[in-house]
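Welcome! Please take a look at the sequence and the model below, and then let us walk through them together.

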Amino acid sequence: MGQAKSRGSRDDRVAQATRLGASARPPVIRCNACRAELPDVEAIDTRGLKGIELAFRAHCAPCDQDTWAVRGEAAAVRAFYDALEKSVGQKVRMGTTRPQLDD
Ligand SMILES: [Zn+2]
């Protein structure tokens, strides 16, 4: 208590960053096809992807389909999906990461 604040601030900041990183959990992703909540959400490394903040993928075994959730600049997200579609060879639909609005 009341000890040299400035001395500990660096460690505090690291600790806080670590805590923030740990709390940045993947969003809940629902399968695009069956709407089931997918438990295994894989975080994609987006550090090399300009304009993309976060990208997650979840696989639905019953549907044998991947659902993606990507966050970032609109143009970058679009480019990301375009690249996905090319690599997958079929249409890739945006994942749902928030409650559905009225149908
Ligand atoms: Zn499904």
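Ring pairs join Trp68, Phe80 and Tyr81 into a cluster in this predicted model. The structure holds two aromatic pairs, and here they are side by side:

| Pair | Centre to centre | Angle between planes | Type |
|---|---|---|---|
| Trp68 and Phe80 | 5.7 Å | 70 degrees | edge-to-face |
| Phe80 and Tyr81 | 6.2 Å | 85 degrees | edge-to-face |

Where do Trp68 and Phe80 sit along the chain? Trp68 belongs to strand E5 (residues 65-72) and Phe80 to helix H2 (residues 74-88), so their pair ties together parts that are twelve residues apart in sequence. Trp68 is buried, with a relative accessible area of 7%. Phe80 is buried as well, at 13%, and so is Tyr81.

Now for the metal site. Which residues coordinate the zinc ion? Cys31, Cys34, Cys60 and Cys63 do, each through its SG atom, at 2.3 to 2.4 Å. The angles among the four donor atoms run from 108 to 112 degrees, and the site is tetrahedral. For comparison, the ideal angle for four tetrahedral donors is 109.5 degrees.

Along the sequence, the donor residues follow the spacing C-x2-C-x25-C-x2-C. Cys31 lies in the loop between strand E1 (29-30) and strand E2 (37-38), while Cys63 lies in the loop between strand E4 (52-60) and E5, so this pair ties together parts that are 32 residues apart in sequence. Are these two cysteines buried or exposed? Cys31 counts as buried, at 0% relative accessibility, whereas Cys63 counts as partly exposed, at 28%.

Note on methods:
Residues are numbered from 1 along each chain as its sequence is written. This is a predicted model: local features need pLDDT of at least 70, side-chain atom pairs count only at pLDDT 80 or more; totals for chains, interfaces and linings use all residues. Side-chain values use heavy atoms; hydrogens and water are left out. Rings of Phe, Tyr and Trp (its six-membered ring) pair if their centres lie within 6.5 Å; planes under 30 degrees apart count as stacked, over 60 as edge-to-face and the rest as tilted. Helices (H or I, at least four residues) and strands (E, at least two) are DSSP runs, numbered from the N terminus. Buried means under 20% relative accessible area, exposed over 50%, partly exposed in between (1.4 Å probe, protein chains only). Donors are N, O and S atoms within 2.8 Å of the metal (3.2 Å for Na, K and Ca); water is not among the atoms, so sites may look incomplete. Four donors count as tetrahedral if all angles lie between 85 and 135 degrees; four count as square planar and six as octahedral if opposite donors are over 155 degrees apart and all others between 65 and 115; anything else is irregular.
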